[in-house]
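This report describes how parts of one protein chain pack together. Look at the sequence and the structure first, then read on.

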Amino acid sequence: MALCGIARCPNWERAAIPIRSFNSSTRLVRPTFGPLMGEIGYSSRILRSRIRFSISSKNATPLESEESASDTFSDSLEEELGHVMKFKMSDFEICDRVSIGLSGRADEVVFEAVVKDVDSPLHNSRVLLRRLTSAQAQRRGKRAIEVLKKLARRRLLYHSYSMQVHGYVDPSSTGDYGSFTLVHGYHGSFSLRHWLQQSDWLPTLEATLALDEDSVRRVGDDTVGGPAVSRQLRLTRILMRDLLIGVNYLHSHGLAHTELRLENVHVSPVDRHIKVGILGNAADFYDDNPSNSSMDTNMDRRQMMIAFDMRCVGFMMAKMVLQELMEPFIFAKFKSFFTKGYDPSCLREYLLQTLGRNSSSGNAGLQILDRNWGAGWNLLSLLLATKPSERISCLDALRHPFLCGPRWRVEPSMDIIRWGLGSTAVRITEEYIYGPQQRSRLAHFIELMEMLNPHSKPKNWRGLLPGKWRLLYSTGRHIGLTLRQPPARVLIGDVHLTVKTTSKSCTTFSFTSEISFTVLIGHNWPHDKAGVAGKLGVDSCFRLTAGKRLYLKEEKETNFLPSSSNTADSIVKKLSGRRWRKAIPFKEFPSSLPVAKLVSNEIEVAMSLNDPLAKNVDAAKNAVHEVRTQVPPEMFDLSKLVCGTYVDSRLLVLHGVSGSALFFTRTCANEL
């Protein structure tokens, strides 16, 4: 039973490698984090036993026909792989560790060995022998050697960021011509998956990488030690930058890895570099087929293969930051978000619903991605973009603010500025209790977003407006902890605005406002929030046209601004400061801004209330009155929505007739 993983290999007897029979002391050990595990990836089983390889001449008695076939095979193999070292099995001393190959592949058997040939440059070096039995596995092994030949011009970088391949074992030394044995480097460390699965992975990996002041300075973080969030962020930057440099090295040489996974990436304590696994599945960008050799075809192929690698890097980054994604079930839900076609820029809204409540890591990953104005979410959305053409490249990712840190001055793009403004505004709304400072800052950020609106024309709104939006904040209504004694105590739930297209011309939309609430009954309401659930819905149709938002400079106060305290002069003073001077695309405050004007039709209102209040008319009236007190009036009377001033793939700002701004974020949590 201990050899069940190896018994599938068909040529053990032909290989003239007798294996000593196992006695009662032989034991099957469950997968652990030993040195071999880090080199071979995630194995299904590890067999620890004493295995002795002895090549005996009396056991090797091939027929004459087999001799001629073996000579032909050896000659062709030597001609094909002549640029790498060729070993004999007698050159190695086999250690007592054997395992199935990467991810439990039964057609790969891996041995640890020490080179004992005194004439070899690898004398006394520890290596790994990967015995490949199936045709597909042999193709992967030979492909890894071919890749080494292509990258030999800059072998130093290849050895720094990829697992080193030394050569292969001459089949004539074993008599086994049905398999191919690859000799590759041994780094004595875990795969990245095994690091993340350990309970003390953070301090152990920091010690392995020997992080010092110089390493901290190079990665761009001036915090040494500190809380776990800062330490994990610093380590994530180091690993991601190392990984991106290695992947970019392959891309610059016309190769795509195509198999980037945590199991296939290793951390070497020797040179403290990320080592990408054996490049057995590396593919060329350019097709050698003459019929497909056009420049456009090759460029499309190159773009698709780079995009595939970057998507894999995005999944690896998500697992490094969010430890919950290491669970297969949660990661399957994470991938379903993308398979259903949702925009990756809305990933934070989705993960807050799925990870925030039952997070075992204390939301450390969410805090890491929220830092620096949400730069981590931006990089993750660019790596996992739905369209391959929109995914970020390795070089652009290396210059991203999330990986550069506070000590590297990176000139942010306009998209990064917009993202940071929106992310910060969302974070402020999540504080729930708003003081004057928070309200003023929120109004200021919304004004800046409106100035930098990337989609001011109605034709851009037609594709971005449809969807489900969750109300975050309204500048005209602030209901928090008060001393009111309402006739009915109501706890407001989610307030959604669903927009759908109703015409072929995409100029008419149906708006549906959904307000969920709970009516608290009895005197024990401060402790018992069960209550009676209810829902209120409002439907209306809108026609989308072009319009302008005017700023009247001759007036001290104007209703077009989100707050009466924010006049045009105060906005000009804020925007002329050194902090926002480079961000605003115009030198002076404009007199008007283009907006998407909303022209409404009749509205329909419907309400449902569960028993026992469903049959009590007075109780229903009191509940509706309290809901209308707490929720902005534009969500009840949709005809009061006048225009839209900001929209992108994740955020929306609508203005009412009173001048108040309604701030929404796109949501899909209830649809998955």
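A residue counts as buried under 20% relative accessible area, as exposed over 50%, and as partly exposed in between, with a 1.4 Å probe and protein chains only. This is a predicted model, in which local features need pLDDT of at least 70, side-chain atom pairs count only at pLDDT 80 or more, and totals for chains, interfaces and linings use all residues. Residues are numbered from 1 along each chain as its sequence is written, and side-chain values use heavy atoms, leaving out hydrogens and water.

Helices (H or I, at least four residues) and strands (E, at least two) are DSSP runs, numbered from the N terminus. Strand 5 (residues 108-115) is mostly covered, with eight of its eight residues buried. E108, V110, E112 and V114 point one way from the strand, V109, F111, A113 and V115 point the other way, and all are buried.

Strands of a sheet pair through backbone hydrogen bonds, either parallel or antiparallel. Two strands count as paired if DSSP finds at least two bridges between them. Strand 5 pairs with strand 6 (residues 126-132) in the antiparallel sense over seven bridges, and the bridge partner of E108 in strand 6 is L132.

Elsewhere, eight strands close into a barrel in the order 13-14-15-16-17-18-19-20, with antiparallel pairing. From one strand to the next the twist averages 35 degrees. Strand 19 (residues 651-656) and strand 20 (residues 661-666) run antiparallel and are joined by five bridges; L654 has L662 of strand 20 as its bridge partner. Helix 15 packs on the sheet and touches strand 13 (467-474), strand 18 (641-647), strand 19 and strand 20. Contact means heavy atoms within 4.5 Å.

Axes are lines fitted to C-alpha atoms, for helices over the stretch in contact, and angles run from 0 to 180 degrees between N-to-C directions.

| Helix pair | Axes | Angle |
|---|---|---|
| Helix 15 (residues 414-429) and helix 16 (residues 436-451) | within 10 Å | roughly 155 degrees |
| Helix 12 (residues 364-383) and helix 15 | 8 Å apart | about 120 degrees |

Angles under 35 degrees count as roughly parallel, over 145 as roughly antiparallel, 65 to 115 as roughly perpendicular and the rest as oblique. Helix 15 is therefore roughly antiparallel to helix 16, and helix 12 is oblique to helix 15. Residues in the contact between helix 12 and helix 15 include W373 and W377 of helix 12 and W419 of helix 15.
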